[in-house]
Amino acid sequence: MNKKVYDTIILGAGAAGLYSGIFAAMHNESVLLLEKSKTPGNKLSITGNGHCNFTHDEIHASDYTTDDVDALILSFSAYSFKDTLRDFMDFGIPAECKNHGFYPLSQDAKSVVSVFLNLLDKYKANLQFDENVRGIERTEDGFLIKTNHDSYHGKRVIVAMGGKSYPKTGSNGDGYYYLEKFGHHIETPLPSLTPFICKDYDSSLFGVRQMGCIHLLIDGCEVNQARGEIQFTKTGISGICGFQMSLYASRPLTEGQDVRLRLSILDDITLDYLLDISKNQGSHTTITDAYLGILNRKLLVYILNKVGINPEAMAKEIRKEDINRFYQMLSNLEFQVTELGDFSQAQSTCGGVLLSEIDPMTMESKIVPGLYFAGEIVNVNGLCGGYNLQWAWTSAYLSGSNNKYKG
């Protein structure tokens, strides 16, 4: 057994683990980070397509799903996105804002990981890799952490083991088991920020990208909507606005509710415009060719067929009522959802340790003194665009900076 007793042991060296380690070490604590992979910050290194969209300029509790909204508000009031921008600047990571999201000037997620590692080295934190947690035990004066290689003793423990999304980066949900043994309750982890798989979907739409709005319907009632680029896959709907809606669809779908997507596209196009375009074509121009300047051919043919218009029919011969059906379908293209992409496709996890069982100002367990949490392992799941990383920074700062067991 390793004889050294650390002030803080952090389980996981992802975004939340690294960040909490920095603040713990800055407070002159002896810090040990244990990472199961052979490299740190694996998921952080690929976030934002490798450019690292690390926070957003408007963070609200309504942008997240959680079991305790009031607690989430308190956490963000204690450490906001403005605090993150300040600390990143102090750490040598100045940011620029693009479409309300903040990115490092380097535009390189790996550079953020490197800066964090340099800071951990500066403050003499100990980081060990290939350390798979095999047990977490409470002792009289702290915790005993057993791994595949050794055992380590710490006065307190920060659990930053992540959720179940992107398992290839090392997240597989193995932390939930140990936390349940301590008496914590786990909201069932589900994939989130992931594509929709739809019923009776036409795979010929694969590759189409279309600006528009996705309306999420649960049991026939619209519960949310998102505007942006809609991507059509081989099995359903994806893209940023699709990912946003998956955040709110994951649990209802699992609970057996009817989940549908209603797509609204070409909102600025009027019926009169469509009628004029079709009427003013040559005698040998098909309706498909007439509308090619408006809509992608694959999607155009799909909608024409769906409303009963022959895509090869001459534009001048299409009746007004048929064009009207086509026009109505542009704002009512509906797909029934059968499932979501699995954890290998999901950017985050919906579910985790109940936030209501955690002190929102320190991230310490209300059940087990000295046990802290940071990041995706907690039941806080946000939209795309830096929201989930902001939760990682907030929870990591609060857990890393609040150690009443030191000394």
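The following dialogue examines how terms are applied to this predicted model.

Modeller: Residues are numbered from 1 along each chain as its sequence is written. In this predicted model, local features need pLDDT of at least 70, side-chain atom pairs count only at pLDDT 80 or more, totals for chains, interfaces and linings use all residues, and side-chain values use heavy atoms, with hydrogens and water left out.

Biologist: What makes the contact between the side chains of Arg251 and Glu187 a salt bridge?

Modeller: A salt bridge requires a side-chain nitrogen of Lys or Arg within 4 Å of a carboxyl oxygen of Asp or Glu. The N to O distance here is 3.3 Å, so the pair qualifies. Arg251 belongs to helix α6 (residues 240–254) and Glu187 to strand β11 (residues 186–192), 64 residues apart. Helices (H or I, at least four residues) and strands (E, at least two) are DSSP runs, numbered from the N terminus.

Biologist: Which residues are linked with Glu334 in a network of salt bridges?

Modeller: Asp258, Arg260 and Arg262 are linked with Glu334 in that network. The side chains of Glu334 and Arg262 meet at 3.1 Å, N to O. The structure holds 19 salt bridges.

Biologist: What makes α1 mostly covered?

Modeller: Of its 12 residues, 11 are buried; among them are Leu18, Tyr19, Ile22 and Phe23. The elements covering them include β1 (5–11), α4 (109–122) and α11 (387–401).

Biologist: What is meant by a nonpolar core, and how many residues has the largest?

Modeller: A nonpolar core is a set of buried Ala, Val, Leu, Ile, Met, Phe, Trp, Tyr and Cys residues joined through side-chain atoms within 4.5 Å. The largest has 79 residues, and Leu11, Phe116, Phe373 and Trp393 have the most contacts inside it. Helix α1 (residues 15–26) gives the most to this core, with eight residues.

Biologist: Which residues does Trp393 touch?

Modeller: Contact means heavy atoms within 4.5 Å. Not counting residues up to four places away in sequence, Trp393 touches residues including Tyr19, Leu44, Phe88 and Phe116.

Definitions and conventions:
Buried means under 20% relative accessible area, exposed over 50%, partly exposed in between (1.4 Å probe, protein chains only).
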